[in-house]
Every structure is written in structure tokens, then in C-alpha cells.
Amino acid sequence: MSLDVARLRADFPLLHQERNGHRLVYLDSASSAQKPRPVMRAMDELMETSYANVHRGVYAIAEETTAKFEAARRAVAAFIGGHDPAELIFTRNATEAINLVAYSWGRANLVSGDVVVLTEMEHHANIIPWQMLAAERGIELRWIPLTADYRLDLSDLDVLLRGAKLLAVTAMSNVLGTVNEIPPLVAAARAVGAHVLVDASQAAPHLPIDVQEWGADFVAITAHKMLGPSGIGALWARRELLEAMPPFLGGGEMIRDVRKDGFTTNDLPWKFEAGTPAITEAIGWGAAVEYLNCVGMTAIHDHEVVLTRYALDALDAAFGDQLTIYGPADTDHRGGVISFLFPEIHAHDVSQVLDEEAICVRAGHHCAKPLMRVLGIPATSRASLYLYNDTDDVDALIEGLAKAQKFFAI
Ligand SMILES: Cc1ncc(COP(=O)(O)O)c(C=O)c1O
């Protein structure tokens, strides 16, 4: 293993507990990741020493908080390869980042008959904003289908992209674990003059990513899946697009001047940050990316590849054909999100048995109902791995699943 997991685990207090007499095994990081002490410390320290509103006060602690807030923005922007912090807009989460694009860029640029191309593996966050726009504007939605091994079927990409104004695609599926190669998708979209939005909610916590190398126009990320707090996410977008886009929400902070007959907008990135932002959370997120940088995103990715291989092989050895795994078999094309189903047992029942063993996995449609319909199932159980997971967690999962199998007598 490329990471010293025992040493890392020491930083995550929540993982050191027992439930029902069992060690807590957290396998739900795709839903939300646990938080290391440095993140909690950064947030506590701010509130104990220099908390004030940002960009307003001229007194010392307000200036200190503003400096820390903007340093966090620089850290998050750099973490995803952004060169200009003004291109990183803080939002509430990835969902709001995508809605920002749909409301602002979408309403300014898309008209009836325009085409937005999605994929069948999108999270609802990257579907509903486009469906809302489709209902309002009469735009057409097209869907890139899946191959038999749960990857994007790009054989008809040229046809799907014909006349498209936007391709909105996830970098990593939160159900299948599939990692999509972004640069060729961007190249194909560019060839027809389409813009590209990448939902990097699942990729940013687990892979080294570089928005410049991707060449995309819009990238959405969310802090709580990458060791940061909930309540904050970000939209990264190219400066010229953000400058041309109308504001999203109106209020304080996003203005340069206001008169009775109108307003002018602030500079980037504040033009898109109406109201008091998530100050403490931004600083916690800054600490989270510092933590991830110290561990190293390549080391995290390598660790997860090895652990995912171990888990896929162990599941196959233990259950063979009795368990269906929904996702690519090859770890070159996937991350550590493992969705599975015993055809005879409901995913929720499996999760309940696992919960009695203090094993946390997610069960349900994972906010990807169109994908569930494509797969022909209502739900899966999903175990997702992160830097604090090790083979002992996977072994506990296998034992728990064997108990579930025995309990339901299949
Ligand atoms: C692929 C993907 N996109 C978007 C989201 C939405 O993230 P948030 O709820 O933080 O906005 C999630 C969260 O589960 C996700 O997995």
C-alpha cells in the first residue's frame, strides 16, 4: 500500500469508535467524507481568534479573516490546476455550481432548439438544472449511453454532439465508479463549437485533476466529499465566460454600485457571490486541500486503485455470480466506488444488516435515477473507499455481506 493508513486514521477522530461492539467501518465517502483534525482545528481557530465578516470591516480581525478566506480560495483553485483565483466562485455545493451555469450562462446563451448533451451516468445535480432549462426554453437534451462494461459509449458521439451548445459530463460516476477521460470529450465538443461542463464532485477528492489540462469551460466541485466541511463548493470557469455571464443571485457583495435605477456588478469572483459567504467553511476547505496535498493526490489515487482491485477480487472470490457489481472491472477505468446487488435481497436490507456490524454503506438510487432505469434496477448498495480505508475495511464488508446472505438464506 502506498499510504500509511494507520497513521492517517489517527487524524480522523470519528473513525475511532465502536458501534454495537464493532469497530466503525466507514465506506460511504462518495456520499460525504470524514474530516481530519487539521480541518476542524482551522475552523475552530478562526472562530476562536479572528472571526468577522469578509470584505467589509477595516478592523484587524476582519482583515485577517478576509485574508484567510481569499487564501483558501487560492488554495482550492490551485488544487484543481486553476491559475487565476478570480476564476473560482464559491457556492454552497456542486449542485449550486451547476445551477449557476444553467441559470446564468444557460439562460444567456441557449434558445429553443439548442442541444445540451448529458450522459446516462449523471447525478441528478447535473440533470435537473438542464431539464428545468429544457422545460423553460425548449432546449433538447441528448444522452451519451453506456457500454456493457459501464463506460461511456462514444461510438455515436459525433452524431450526439451535432448542433450541441453544451456537453455536461461527470469526471467520475458516483454509482459505477467509472472515470471518464475528459480531454477527448472536450476535443470532440470543441470540434462542434460546444462548451463543456465537468462535474468533478467525485473526481476531485480522489484523482489529481487539472482544469487547464482538461480544457473544459466549467468545473463543479464540492468540499464535503474531499475532507472539507459541508455548505461550500465551487464553480471554476474560464474568466472570459464569467465576465460575459449575467449575475446569478443578487444582493450584497456582488455589486460595485447600486442606485435606485439599477446596479453594476463587482469584479470576479465576487460578482457571483451574493450575500455573506460560508466563511468558516471556506477556511476549513483550504485546510482540507492542504491536507490532501500533503498526503499527495497521486499517492491517494494509487492507494485507491490497489484497494479497489483488492475489493473487486475479494467480492468475486466470496460471492461470484451471486453478487452483481455495477461498474468497470478494470481499475484503469474506475475509482473506488463499488455498487453491488444480491439480486434476491433489497439493497436497503443489506445495508441494515451491515449497519448492525457498524459498516456504513449507502443504499438507494444514489441520486442517479435515470442510470438506475438504464440498469433496470431500483437501487444498489454502494461501498466507497478513501484514503483512510484499508484491506481490513474490505474484509469487514465481505464478512458482513456473508452474514446478510446467510440471514436472508440465499
Ligand atoms: C457525481 C456527483 N455530482 C454532484 C453531486 C452533488 O454534490 P453536492 O450535493 O455536494 O452538491 C454529487 C453528490 O453526491 C455527486 O456524487
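Me: Where does the ligand sit?
Reply: In this predicted model, the ligand sits in the second largest pocket. A pocket is an open set of points on a 1 Å grid over the protein atoms alone, where a 1.4 Å probe fits and protein lies on both sides within 12 Å along at least five of seven lines; lining residues have an atom within 4 Å of a point. To sit in a pocket, a molecule needs more than half of its atoms within 2 Å of the pocket's grid points. Local features need pLDDT of at least 70 and side-chain atom pairs pLDDT 80 or more, while totals for chains, interfaces and linings use all residues. Residues are numbered from 1 along each chain as its sequence is written, and side-chain values use heavy atoms, without hydrogens and water.

Me: What does a probe tell me?
Reply: Rolling a probe the size of a water molecule over the atoms shows where empty space is left. The second largest pocket holds about 290 Å³ of space, a volume being the space filled by probe spheres set on grid points joined across faces, edges and corners. It has 20 lining residues, and H123, N174, S201, Q202 and K225 are the closest to its centre.

Me: Which residues come nearest to the ligand?
Reply: A residue counts as near if one of its heavy atoms lies within 4 Å. There are 13 residues around the ligand, and T95, D199, Q202, T222 and K225 come nearest. By class, this shell has two nonpolar, nine polar and two charged residues. Ala, Val, Leu, Ile, Met, Phe, Trp, Tyr, Cys and Pro count as nonpolar, Asp, Glu, Lys and Arg as charged, and the others, Gly among them, as polar.

Me: What is the distance from the ligand to the side chain of D199?
Reply: A polar contact is a pair of N or O atoms within 3.5 Å. A ligand nitrogen is 2.5 Å from an N or O atom in the D199 side chain. For ligand oxygen atoms, the distance to such a side-chain atom is 2.7 Å at Q202 and 3.2 Å at H123.

Me: What is the volume of the largest pocket?
Reply: The largest pocket has a volume of about 560 Å³. Its lining has 24 residues, with V179, N180, E181, I182 and L207 closest to the centre. The lining divides into 13 nonpolar, five polar and six charged residues.

Methods: Polar contact = N/O pair within 3.5 Å; in protein donor to acceptor, adjacent residues only side chain to side chain.
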